[in-house]
Amino acid sequence: MAGADAETGTETVADTEAKAETETGAAAVTNAGAEAAMEAEEQGYYRQLWVEEPATRRRLPDPVRASAVRAVIIIAVTLIQAMVAFLCTLAGSWLAFPMVLSSVASTVVATWGALDVWVTRQVWNQRNGVVSVPSSTARALRRERRRARRQERASERTKERIRRQGGAGQLSHS
């Protein structure tokens, strides 16, 4: 027996303490592993698939987003066509020439798609105004529209009040 007296067959105090520490450490590792497994299992059932984070930028307006999606699809198809044309050229296939021609045409369409995104964004900004710019003319226009709507609602309330009272106490209706 290692660490034991050969004659008596008993362990020394140091060996007993070392063995106890080893067993305690192994139990702690086992407990920590079990706790980690329990936490992982609990989190596996209750963990959300994703966590909503506040957007750092505002969402694109619908027309701009639609044109951007359209442009991305057109550009992706153009890149695939160009790659197929290149591979057909390397292979010496008869399809190489038609693919090169269609890639050139697709490049023109992809350029149009990218310009469409830019133009659509500019038009949307011009029509609806840029809210973040302090000197935006759209802000003043909205302010005027709100003021006009408030005055209109106030006059409607006044007319409704006069109608409900039946004009009592007034000499004329204006």
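These are my notebook entries on what I looked up in this structure.

**Entry 1: the overall fold.** I kept in mind from the start that this is a predicted model. I looked up the secondary structure and found 4 helices and 0 strands. Reading along the sequence, I noted the pattern α-α-α-α.

**Entry 2: surface and burial.** Next I turned to the whole protein. I noted an accessible surface of about 14,800 Å². Carbon and sulfur atoms account for 60% of that surface. How much of the protein is buried? I found that buried residues make up 13% of its 174 residues.

**Entry 3: contacts along the chain.** I then checked contacts between residues at least 6 apart in sequence, and 40% of these join residues at least 24 apart.

**Entry 4: Ala110.** Is Ala110 buried or exposed? Its relative accessibility is 10%, and buried means under 20%, so Ala110 counts as buried. I also looked up what Ala110 touches: leaving out residues up to four places away in sequence, I found Ile74, Ile75 and Thr78. Ala71 went into my notes too, as its C-alpha lies 6.6 Å from that of Ala110, although the two residues are 39 apart in sequence.

**Entry 5: the arginines.** My last stop was a surface patch. Which charge does it carry? The patch is positive, and I listed its members as Arg143, Arg145, Arg146, Arg147, Arg149, Arg150, Arg153, Arg157, Arg161 and Arg164. I placed one of them, Arg150, in helix 4, which runs over residues 137-165.

Notes:
Residues numbered from 1 in each chain as written. Predicted model: local features only at pLDDT ≥ 70, side-chain atom pairs only at ≥ 80, totals over all residues. Heavy atoms only, no water. Patch = residues over 30% accessible without salt bridge, like charges linked within 9 Å, V, L, I, M, F, W, Y side chains within 5 Å. Areas by Shrake-Rupley, 256 points an atom, 1.4 Å probe, with all protein chains shown as cover. Salt bridge = Lys/Arg side-chain N within 4 Å of Asp/Glu carboxyl O. Lys, Arg positive; Asp, Glu negative; His and termini not counted. Charge placed at Lys NZ, Arg CZ, Asp CG, Glu CD. Helix = DSSP H or I, 4+ residues; strand = E, 2+ residues; numbered from the N terminus. Buried < 20%, exposed > 50% of the residue type's maximum accessible area, 1.4 Å probe, protein only. Contact = heavy atoms within 4.5 Å.
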